[in-house]
Amino acid sequence: MVKAMIIFIIIGYLIGCIHGSKVAQFLSGVDLKKTGHGNAGASNATLSLGWKYGILVALIDIGKGVAAVLCALYYFSSNASQFTEVQMWLLTYAIAASVILGHNFPFHMGFKGGKGTASIIGILLAIDWKIALFALMLFVILSLTTNYLIIGVLVFYIIFCTATYLWIPGVGPTMISIVLFGIALMLHIENIKRLIQGTEPKVTSAFKK
């Protein structure tokens with residue numbers, strides 16, 4: 001179990017280090033770390049380069065969350081007798097958390113990457129696509145109606161934590177989901193401050209680019 005945990009964490013982190021922002025930089029010539037809010041994620045790509053680049057970065061970052069969890073689930077399907085259900089879900093959430101850490105703190109970017117929103121969407125899609133689609137619908141609706149992405153982001157994380165607590169066995173996954181939510185709050189603290197001050201960039205500004 002310990003060996004599997006270490007391997008899953010390393011693999012998840014390396015997957016997380018694959019950044020959609022680097023693809024956007026290659027195509028646009030713009031380094032997202034040096035423009036907008038300096039965040040190498042889909043939200044900054046959307047607000048700084050426009051919705052097309054935002055979608056591109058989001059799809060790549062969502063994809064790595066999906067890929068990591070599906071790889072874990074495939075591994076368990078082939079080695080089901082070696083792990084209990086609780087252990088399988090703990091390891092699945094461990095690789096998921098490692099993807100977020102790799103995205104947020106990639107070694108090749110000075111440990112300053114994105115904020116993990118797109119990747120957490122991919123992770124929930126792979127865990128339960130029905131809940132993920134519901135959460136994603138709320139994310140889009142709230143982001144558009146309030147005109148602020150940060151509102152949709154926070155609600156998505158709340159649904160992720162709630163769904164984990166209600167339907168995933170074992171206390172470990174719930175604790176991991178809460179820690180990930182805490183990291184998201186920490187990384188979005190400036191967005192929250194700007195939201196309160198009324199200076200946070202609006203969603204509609206992205207559609208003008």
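**Exercise 1.** Find which residues H103 is in contact with (heavy atoms within 4.5 Å), leaving aside its neighbours within four places in sequence.

*Solution.* Step 1: the contacts of H103 are G16, C17, H19, A40, D61, K64, G113, G114, K115, G116 and S119. Step 2: the model is a predicted one, in which local features need pLDDT of at least 70 and side-chain atom pairs count only at pLDDT 80 or more, while totals for chains, interfaces and linings use all residues. Residues are numbered from 1 along each chain as its sequence is written, and side-chain values use heavy atoms, with hydrogens and water left out. Step 3: H103 sits in helix α5; helices are DSSP runs of H or I with at least four residues, numbered from the N terminus. Step 4: the relative accessibility of H103 is 2%, so H103 is buried. The classes are buried under 20% relative accessible area, exposed over 50% and partly exposed in between, with a 1.4 Å probe and protein chains only.

**Exercise 2.** Is I100 buried or exposed, and which residues does I100 touch beyond four places in sequence?

*Solution.* Step 1: I100 belongs to helix α5. Step 2: with 1% relative accessibility, I100 is buried. Step 3: apart from neighbours within four places, G116, S119, I120, I123 and L180 are in contact with I100. Step 4: for a distance along the chain, take I189, which is 89 residues from I100 in sequence and 17 Å away in space, C-alpha to C-alpha.

**Exercise 3.** How many residues of α6 are buried, and against which helices do they pack?

*Solution.* Step 1: T117, A118, S119, I120, I121, G122, I123, L124, A126 and I127 are the buried residues of α6. Step 2: that is 10 of the 11 residues, so α6 is largely enclosed by the rest of the structure. Step 3: the buried residues pack against α4, α5, α7, α8 and α9.

**Exercise 4.** Which residues of the largest nonpolar core touch the most other members?

*Solution.* Step 1: a nonpolar core is a set of buried Ala, Val, Leu, Ile, Met, Phe, Trp, Tyr and Cys residues joined through side-chain atoms within 4.5 Å. Step 2: the largest core has 40 residues, and I120, I123, I127, F160 and L180 touch the most other members. Step 3: two or more residues come from each of α3 (42-49), α4, α5, α6, α7 (129-146), α8 and α9. Step 4: α8 contributes the most to this core, 9 residues. Step 5: a separate second core has 11 residues, among them A4, F83, L91 and I95.

**Exercise 5.** At what angle do helix α8 and helix α9 pack, and what kinds of residue make the contact?

*Solution.* Step 1: α8 (residues 149-167) and α9 (residues 171-187) pack at about 170 degrees, with axes 8 Å apart. Axes are lines fitted to C-alpha atoms over the stretch in contact, and angles run from 0 to 180 degrees between N-to-C directions. Step 2: α8 and α9 are therefore roughly antiparallel, a term for angles over 145 degrees. Step 3: α8 brings L154, Y157, I158, F160, C161, T164 and Y165 to the contact, and α9 brings P173, T174, S177, I178, L180, F181, A184 and L185. Step 4: these contact residues are 12 nonpolar, 3 polar and no charged. Ala, Val, Leu, Ile, Met, Phe, Trp, Tyr, Cys and Pro count as nonpolar, Asp, Glu, Lys and Arg as charged, and the others, Gly among them, as polar.

**Exercise 6.** How many aromatic pairs are there, and what is the geometry of the pair F8 and Y75?

*Solution.* Step 1: rings of Phe, Tyr and Trp (its six-membered ring) pair if their centres lie within 6.5 Å; planes under 30 degrees apart are stacked, over 60 edge-to-face and the rest tilted. Step 2: this rule gives 9 aromatic pairs. Step 3: F8 and Y75 are edge-to-face, at 5.8 Å centre to centre and 70 degrees between the planes. Step 4: this pair links distant parts of the chain, with F8 in helix α1 (residues 2-16) and Y75 in helix α4 (residues 51-78), 67 residues apart. Step 5: F8 is buried at 8% relative accessibility, whereas Y75 is partly exposed at 32%.

Conventions: Angles under 35 degrees count as roughly parallel, over 145 as roughly antiparallel, 65 to 115 as roughly perpendicular and the rest as oblique.
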